[in-house]
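Here is a short briefing to read beside your structure. Take a look at the model, then follow the points below.

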Amino acid sequence: MTPAVDGLLTGHTHAAYICDLPDPDGVLRPVTSSGDYARVLTEIDLQVDRRSGDVVRDSVDATNHVVDLEGVGDPAIQSIVDKWMALSDVFAAQVVGTVAEDITGDSNSSRATETPMADLIADVILWGTQDAESDVAFMNVGGVRSELLVDEISAGEAPGEITYAEAYDVAPFGNLLVTLEMTGAQIEEVLNQQYQPIDDRGTRPMLALGVSEGFSYTWNPDTMSVVEGSMYLHGEPIDLDATYRVGTLNFLAEGGDSFTAFTEGTLVAGGPEDLANLVAYLEAHPDLEAPEDRVNGL
């Protein structure tokens with residue numbers, strides 16, 4: 001990152017740290033992270049040179065504070081929170097869809113297997129990229145953050161009704177839908193990257209992808225790879241040399257979760273924000289049922 005940036009407030013690592021790392025010019029700059037789930041708050045004090053407008057790097061003092069949930073809240077801040085919670089609760093309680101049965105399998109369940117929820121969200125992405133004529137869509141199960149359950153009642157709604165808040169719980173990240181052109185061989189490479197024995201955090205031997213309706217393949221648990229010649233789209237074998245249009249999230253398209261093969265594709269079109277697309281899908285598809293398995297051996 002350019003040396004013009006004087007500090008980095010990072011996230012997503014689920015770790016709390018404060019350190020100094022050299023910029024491309026070799027000058028140290030602060031790098032911080034406040035852990036996960038609001039358990040830590042990073043406080044940063046710094047000085048700005050009034051002549052140049054630059055941060056005086058030597059002045060930066062950063063401290064990570066553990067959040068004390070037992071402490072007394074600030075009344076002024078609490079009044080702001082209360083105001084906006086009351087307003088947002090009305091919006092969050094709006095019913096946006098219905099399910100006829102439980103649709104399970106989110107990031108809190110096994111991330112190493114095909115799940116109905118991940119496949120459903122792949123269907124949602126395929127639907128949301130139909131204007132770009134996507135042929136198939138993929139969704140990382142780690143990004144599916146909740147399930148759609150008949151008896152989950154969040155705002156007094158009837159059983160089977162899905163509120164906006166429940167949809168938000170499924171897709172809280174604000175990712176954007178994209179469509180890529182990829183060869184059949186690149187699609188196979190993406191699927192094979194579901195298993196990676198080593199990653200930079202040492203925590204990702206297997207991370208399954210949900211696949212959209214009409215696409216299927218066979219996974220060999222012995223070799224931890226796709227069985228050659230087993231990929232099909234609407235009953236027709238995937239041609240490794242042919243080009244297909246693939247819908248997914250910008251997070252994956254940029255190589256997120258170590259799915260670097262997505263970056264070999266060519267961007268065709270952008271799409272809507274994932275939560276807005278999910279809400280629109282739920283409104284257009286009442287009484288959803290859990291998708292049947294589309295992957296053999298996973």
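**Briefing on the predicted model**

The side chains of Asp36 and His14 are joined by a polar contact of 3.4 Å; a polar contact is a pair of N or O atoms within 3.5 Å, where within protein one must be able to donate a hydrogen and the other to accept it, and residues adjacent in sequence count only if both atoms are side-chain atoms. This is a predicted model, in which local features need pLDDT of at least 70, side-chain atom pairs count only at pLDDT 80 or more, and totals for chains, interfaces and linings use all residues. Residues are numbered from 1 along each chain as its sequence is written, and side-chain values use heavy atoms, with hydrogens and water left out.

**The protein as a whole**

- The secondary structure comes to six helices and 17 strands; these are DSSP runs (helices H or I, at least four residues; strands E, at least two), numbered from the N terminus.
- The C-alpha trace spans about 65 × 50 × 35 Å along its principal axes.
- Of the 298 residues, 38% count as buried, where buried means under 20% relative accessible area, exposed over 50% and partly exposed in between (1.4 Å probe, protein chains only).
- Among contacts with a separation of 6 or more, 69% come from residues 24 or more positions apart; contact means heavy atoms within 4.5 Å.

**Around Asp36**

- Asp36 sits in the loop between strand S3 (28-34) and strand S4 (40-48).
- With a relative accessible area of 15%, Asp36 is buried.

**Helix H2**

- The 13 residues of H2 (residues 116-128) should span 18 Å at 1.5 Å a residue, and the end C-alpha atoms are 18 Å apart, which agrees; the expected span is 1.5 Å times one less than the number of residues.
- H2 is largely enclosed by the rest of the structure, because 10 of its 13 residues are buried. Among them are Met117, Leu120, Ile121 and Ile125.
- These buried residues of H2 pack against several elements, including strand S7 (136-140), helix H3 (164-170) and helix H6 (274-284).

- Five of the five residues of S7 are buried.
- In a regular strand, side chains alternate between the two faces of the sheet. In S7, Val136, Phe138 and Asn140 lie on one side and Ala137 and Met139 on the other, and both faces are covered.
- S7 pairs with S15 in the parallel sense over two bridges, and strands count as paired if DSSP finds at least two bridges between them. Gly247 in S15 is the bridge partner of Ala137.
- S7 and S10 run antiparallel, joined by three bridges. Here Phe138 has Val211 of S10 as its bridge partner.

**The second largest pocket**

- About 170 Å³ of space lies in this pocket, the volume being the space filled by probe spheres set on grid points joined across faces, edges and corners.
- A pocket is an open set of points on a 1 Å grid over the protein atoms alone, where a 1.4 Å probe fits, with protein on both sides within 12 Å along at least five of seven lines; lining residues have an atom within 4 Å of a point.
- H2 gives the most to the lining, with four residues. The lining residues include Leu120, Trp127, Tyr281 and Arg294.

**Around Thr218**

- Thr218 lies in strand S11 (residues 215-220) and is partly exposed, with a relative accessible area of 25%.
- The side chains of Thr218 and Asn296 make a polar contact (3.4 Å).
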